[in-house]
Amino acid sequence: NAGVTQTPKFQVLKTGQSMTLQCAQDMNHEYMSWYRQDPGMGLRLIHYSVGAGITDQGEVPNGYNVSRSTTEDFPLRLLSAAPSQTSVYFCASSYSGGGAITDTQYFGPGTRLTVL
Amino acid sequence: AQSVAQPEDQVNVAEGNPLTVKCTYSVSGNPYLFWYVQYPNRGLQFLLKYITGDNLVKGSYGFEAEFNKSQTSFHLKKPSALVSDSALYFCAVRVNTGGFKTIFGAGTRLFVKA
């Protein structure tokens, strides 16, 4: 049981480039989400999904796209990278899609992204 | 607006002494409160949560947290700190805004000195 995995661990992009951050979980969790972590700001929700085929925006969705074609995978796409997107990105999952406000989230190890 | 505040950027404590990491919240409805810990270059790990019932919640690694409804607080505590407890601690509240979302505090860095 690998839990939540993220690739790559590190990435450097030039302004305007696009890329996809990968996230996968093998716990059959319905709920998955993407956060970015910036110093002094905690974690901010980018997008989330309550199940395959269902996604919604979080606090800071601009510049990012997501899709959820399977329960296991939840990739995050940067459409045209900007220096303001330099951050550490975390993917998380939890058991219930929309049914349990009490669920604990399980986090991946993170992707450190630098946009030049 | 629903929010979580961690008033201290950093907490310093000597090994063996008790530690407290503070958290206050502002939510409408019942609060569902969590503490997570982040070690260097790692993702967040769950420590404990308060859903309902006893105001004192026990969690992993000897940590506990006290829910205080009147003060809207959920402070993290440990009776005797270890150097290995040094990490970044996040308080979070889970809210229902048409979908369940987690709002995180800014984090408190705990430094335990030997």
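Q: Where does A:Ser93 sit?
A: In this predicted model, A:Ser93 belongs to strand β9 of chain A.

Q: Is A:Ser93 buried or exposed, and why?
A: A:Ser93 counts as buried because its relative accessibility is 0%, and the cut-off for that label is under 20%.

Q: Which side chain makes a polar contact with the one of A:Ser93?
A: That would be A:His29, and the polar contact between the two side chains is 2.7 Å.

Q: What else does A:Ser93 touch, leaving out residues up to four places away in sequence?
A: Besides A:His29, A:Ser93 touches A:Val4, A:Gln25, A:Met27, A:Tyr31, A:Met32, A:Thr104, A:Gln105 and A:Tyr106.

Q: A:Tyr31 and A:Met32 are on that list. Which way do they point from β4(A)?
A: They point opposite ways: A:Tyr31 goes with A:Ser33, A:Tyr35 and A:Gln37, while A:Met32 goes with A:Trp34 and A:Arg36. In a regular strand, side chains alternate between the two faces of the sheet.

Q: How does β4(A) pair with β9(A)?
A: Antiparallel, over seven bridges. Within that pairing, A:Tyr35 stands opposite A:Phe90 of β9(A).

Q: What about β4(A) and β5(A), parallel or antiparallel?
A: Antiparallel again, with six bridges joining β4(A) to β5(A). A:Met32 has A:Ser49 in β5(A) as its bridge partner.

Q: How many residues lie between those two strands in the hairpin?
A: Five residues separate β4(A) from β5(A) in the hairpin. In the turn, A:Gly40 has a positive phi of about 75 degrees.

Q: Switching to the interface: how much area do chain A and chain B bury between them?
A: About 1900 Å², with 57% of it on carbon and sulfur atoms. In contact terms, 24 residues of chain A meet 23 residues of chain B.

Q: How many salt bridges and polar contacts are there between chain A and chain B?
A: The salt bridge count is zero. For polar contacts, there are four residue pairs, both residues at pLDDT 80 or more.

Q: Which elements of chain A give two or more residues to the side that touches chain B?
A: Those are β4 (31-37), β5 (43-51) and β9 (87-94) of chain A.

Technical notes
Residues are numbered from 1 along each chain as its sequence is written. Chains are lettered from A and ligands numbered from 1 in the order in which they are written. This is a predicted model: local features need pLDDT of at least 70, side-chain atom pairs count only at pLDDT 80 or more; totals for chains, interfaces and linings use all residues. Side-chain values use heavy atoms; hydrogens and water are left out. Contact means heavy atoms within 4.5 Å. Buried area is the accessible area (1.4 Å probe) that two parts lose on being put together, summed over both. A salt bridge is a side-chain nitrogen of Lys or Arg within 4 Å of a carboxyl oxygen of Asp or Glu. A polar contact is a pair of N or O atoms within 3.5 Å; within protein, one must be able to donate a hydrogen and the other to accept it, and residues adjacent in sequence count only if both atoms are side-chain atoms. Helices (H or I, at least four residues) and strands (E, at least two) are DSSP runs, numbered from the N terminus. Buried means under 20% relative accessible area, exposed over 50%, partly exposed in between (1.4 Å probe, protein chains only). Two strands pair if DSSP finds at least two bridges between them.
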